[in-house]
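Please keep the sequence and the 3D view at hand while reading.

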Amino acid sequence: MLLHGGMNISVYSDAGALSRAAAEEFVQLARGSIRSRGRFSVVLSGGSTPRRMYELLAARPLRESVDWSRVEVFWGDERGVPPDHPDSNFHMASAALLEHVTIPPDRIHRIRAEAPDRAAAARDYQLEIARAFQVDGAGVPPSFDLVLLGMGNDGHTASLFPNGEAVLEGRRWAVSVEAPQRPPPSRITLTAPILNRARDIRLLVAGQDKAVTLRAVLQGPHQPRRTPVQLIEPENGRMIWLVDEAAASELDKAVVA
Ligand code: 6PG
């Protein structure tokens with residue numbers, strides 16, 4: 001791992017090694033949070049890299065290392081499809097992880113992005129988060145223990161897409177968005193104001209198709225409207241980029257050496 005201008009970047013040989021490291025770190029963070037605060041609140045992401053990580057967490061030996069009854073699950077974004085649809089982020093996380101561990105159902109907070117009124121569903125999700133943390137739903141956002149995010153090759157993260165209005169959001173915790181060129185287009189996403197309150201953020205990026213964008217994000221100018229993942233800068237938390245060698249292949253050696 002290297003500290004580069006305040007950034008932590010860990011490079012792994014391939015997506016498998018990255019997923020293993022991310023799963024092991026999930027366990028460490030979960031154990032630490034449960035020890036100090038009695039529970040572990042985690043924001044899950046969609047995408048292919050996290051799926052492998054979830055599958056590892058759902059199997060021995062990692063499954064036995066976490067007290068799942070104290071885990072509280074949220075999502076960073078959701079597509080406008082029913083929860084049993086193959087494109088649903090909830091469905092993916094359920095099949096890969098949640099169906100294999102015992103988390104109390106009232107601690108699983110899915111985003112109801114299939115609702116016809118998505119703006120209302122986004123407001124409801126903000127209130128649901130507030131209730132789970134016992135904080136004012138119109139006040140300062142709470143701090144998740146861990147936020148997992150991916151990055152698309154257009155520089156989006158969660159469903160914060162280039163040049164979208166959600167990128168400019170400075171107050172609401174969850175908003176409804178239309179994703180450009182990415183089916184299914186209608187989504188709900190958490191916003192930078194709440195994501196950046198997290199205690200820990202892990203950005204999982206694998207694959208050659210991400211290499212040029214990753215270089216622009218980590219070494220290029222700060223242009224979060226064009227590359228929204230640059231909005232992710234924890235206020236007080238720790239953020240680590242977990243990347244594989246293919247995704248890191250365009251970075252200057254000094255950044256990852
Ligand atoms: C989504 C995700 C999205 C994802 C990136 C990276 O619902 O689409 O939350 O932000 O993390 O697109 O996805 P991959 O890991 O599959 O490349």
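## Strand β3

Phe40, Val42 and Leu44 point one way from β3, while Ser41 and Val43 point the other way, and all are buried. Buried means under 20% relative accessible area, exposed means over 50%, and partly exposed lies in between (1.4 Å probe, protein chains only). In a regular strand the side chains alternate between the two faces of the sheet. Strand β3 covers residues 40-44, and because five of its five residues are buried, the strand is largely enclosed by the rest of the structure.

This is a predicted model, in which local features need pLDDT of at least 70, side-chain atom pairs count only at pLDDT 80 or more, and totals for chains, interfaces and linings use all residues. Residues are numbered from 1 along each chain as its sequence is written, and side-chain values use heavy atoms, with hydrogens and water left out. Helices (H or I, at least four residues) and strands (E, at least two) are DSSP runs, numbered from the N terminus.

## Partners of β3

Two strands pair if DSSP finds at least two bridges between them. Strand β4 (residues 71-75) runs parallel to β3 and is joined to it by five bridges. Leucine 44 has tryptophan 75 of β4 as its bridge partner. Between β3 and β4 the chain passes through helix α2 (residues 48-57), and this β-α-β crossover is right-handed. Right-handed means that, with the strands pointing away from the viewer, the path from the first strand over the helix to the second runs clockwise.

β3 also pairs with β6, in the parallel sense, over two bridges. Here valine 43 stands opposite valine 147 in β6.

## The cavity

How many cavities of 30 Å³ or more does the structure hold? There is one. A cavity is a set of points on a 1 Å grid over the protein atoms alone where a 1.4 Å probe fits but cannot get out, and lining residues have an atom within 4 Å of a point. The largest cavity contains about 40 Å³ of space, a volume being the space filled by probe spheres set on the points, which are joined across faces, edges and corners.

Residues lining the largest cavity include Phe26, Met53, Leu146 and Arg202. Helix α1 gives the largest share of this lining, four residues. α1 (15-37) and β6 (146-150) each supply at least two.

## A proline in a loop

Proline 105 lies in the loop between α3 (89-96) and α4 (118-133). Proline 105 is exposed, with a relative accessible area of 71%.

Note on methods
On a 1 Å grid over the protein atoms alone, a cavity is a set of points where a 1.4 Å probe fits but cannot get out, and a pocket is an open set with protein on both sides within 12 Å along at least five of seven lines; lining residues have an atom within 4 Å of a point.
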